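Colleague: I am new to this structure and would like to learn how to read it. Please take me through it one kind of feature at a time.

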Amino acid sequence: MSLPQRTTRPLDHLVLPVAELAQARRRLNDLGFVVADDARHPFGTENACVFFADNTYLEPLAVASREECEAAALAGNVFVARDQAFRFRQGPEGLSAIVMGTSDAASDHMRFRASGVSGGDMLEFSRPMRLPDGREGLGSFRLAFAADLRSPDFFLFSCQRIRALPVDQTALQRHENGVLGIAEVVLSEPNPTDFQYLLQEGVDDREVSANSFGMDIQTGNAKISVLNVAGMEAFFGRSVKGAERGLRGRAVVFRVADLEVTRALFARNDIEFAEMGGRLIVPEAPGQGVIFAFGA
């Protein structure tokens, strides 16, 4: 009996809970990012995204209506329920989900169920977005969720664009800091390989590279790293001793066109950073819930 063929999924975007979009926008602007207009979901959350030339993006996510979010969670909306749980346990800011691109979320959902990593029912929705020329476009999406009960503060999902937003994002992808895209997403866990199966199914690839600092899995366009205590200290100078078990979002590593341009912008905007391994490491701040590293 032949095994089903696997197709490695590309990184699509990252979900970054924030306390409020206005604060996140100020912080991201100071870091040299162009931030899209606020957009509202039909279930009570809102975002203000940062798009990149490699077709990935950041999704800072805030609560626009607590009542709508609570109603959606009670009705079985996994996206909102996981966001509410994250905020309850970890506070209003961080990195809660890695999102993979897919052309068939329904197939992914069936695969997640068969593999025992389904995070719950699929979600399909549409939302408007204001375009740079002032018009409004409508995007439609279908999501399939993967999760592990041992890791309540992190999940993955596949995102299928049923109707893509009719927008030329070129202007939104030209960032003053020179960022071209996302090179790596960093999670932490004391024993990273305990969660390799969840990540393998989320990415739809069995190839995992393990080392003394943790493990890596390559998506179609970026790397997902899970670092142990020693790995977080070695690569980011961050102590996570005593951290609870389970995957936790810790850092985003960006590709940049010219690191000196990035460095000069940070100096002008009084951005705190350290240098490690050829990267500029910017610690968490209000509106930026995880470490940002520049210079993959």
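The talk below goes through strands, helices, aromatic rings and cysteines.

Colleague: What should I know before I start?

Modeller: This is a predicted model, in which local features need pLDDT of at least 70, side-chain atom pairs count only at pLDDT 80 or more, and totals for chains, interfaces and linings use all residues. Residues are numbered from 1 along each chain as its sequence is written, and side-chain values use heavy atoms, with hydrogens and water left out.

Colleague: How do I read a sheet, and in which order do the strands of the open sheet come?

Modeller: Helices (H or I, at least four residues) and strands (E, at least two) are DSSP runs, numbered from the N terminus. Two strands pair if DSSP finds at least two bridges between them. Here 8 strands form an open sheet with mixed pairing, in the order E11-E12-E13-E10-E14-E17-E16-E15. Strand E11 (209-211) and strand E15 (274-276) stand at the edges; each has a single partner strand, so one side of each is left without a neighbour in the sheet. On average, neighbouring strands of this sheet are turned by 25° against each other, direction ignored.

Colleague: Which strand does E12 pair with over 5 bridges?

Modeller: Strand E12 (residues 214-218) pairs with strand E13 (residues 223-227) in the antiparallel sense over those 5 bridges. Met215 stands opposite Val226 in E13, and Gln218 has Lys223 in E13 as its bridge partner. E12 and E13 form a hairpin with 4 residues between them. E11 and E12 also pair in the antiparallel sense, over 3 bridges, and form a hairpin with 2 residues between them. There, Ala210 has Met215 in E12 as its bridge partner.

Colleague: Is a residue buried or exposed, and how is E12 placed?

Modeller: Buried means under 20% relative accessible area, exposed over 50%, and partly exposed in between (1.4 Å probe, protein chains only). In E12, 4 of the 5 residues are buried, so E12 is largely enclosed by the rest of the structure. Thr170 lies in the loop between E9 and E10 and is partly exposed, with a relative accessible area of 32%.

Colleague: Which helices pack on the sheet?

Modeller: Contact means heavy atoms within 4.5 Å. Axes are lines fitted to C-alpha atoms, for helices over the stretch in contact, and angles run from 0 to 180 degrees between N-to-C directions. Helix H6 (residues 229-236) packs on the sheet, and the strands it touches include E13 and strand E14 (248-256). The direction of H6 makes about 120° with that of E13. Helix H7 (residues 259-268) packs on the sheet too, touching E14, E15, E16 and E17, and its direction makes about 30° with that of E16.

Colleague: Which strands pair with E5?

Modeller: Strand E1 (residues 11-17) pairs with E5 in the parallel sense over 5 bridges, and His13 stands opposite Tyr57 in E5. Strand E3 (residues 45-47) and E5 pair in the antiparallel sense over 3 bridges. Strand E4 (residues 50-51) runs antiparallel to E5 and is joined to E5 by 2 bridges. E4 and E5 form a hairpin with 5 residues between them, and Asn55 in the turn has a positive phi of about 70°. In strand E5 (residues 57-63), 6 of the 7 residues are buried, so E5 is largely enclosed by the rest of the structure.

Colleague: How many aromatic pairs are there?

Modeller: Rings of Phe, Tyr and Trp (its six-membered ring) pair if their centres lie within 6.5 Å; planes under 30 degrees apart count as stacked, over 60 as edge-to-face and the rest as tilted. The structure holds 19 aromatic pairs. Phe145 and Phe157 form a tilted one, with 5.4 Å centre to centre and 55° between the planes. Both Phe145 and Phe157 are buried. The rings of Phe292 and Phe294 have centres 6.5 Å apart and planes at 75°, so that pair is edge-to-face. Phe292 and Phe294 are both buried.

Colleague: How many disulfides does the structure hold?

Modeller: A disulfide is a pair of cysteine sulfur atoms within 2.5 Å. The structure holds 0 disulfides. For Cys49, the nearest cysteine sulfur is that of Cys159, 11 Å away. Cys49 is buried, with a relative accessible area of 2%, and Cys159 is buried, with 4%.
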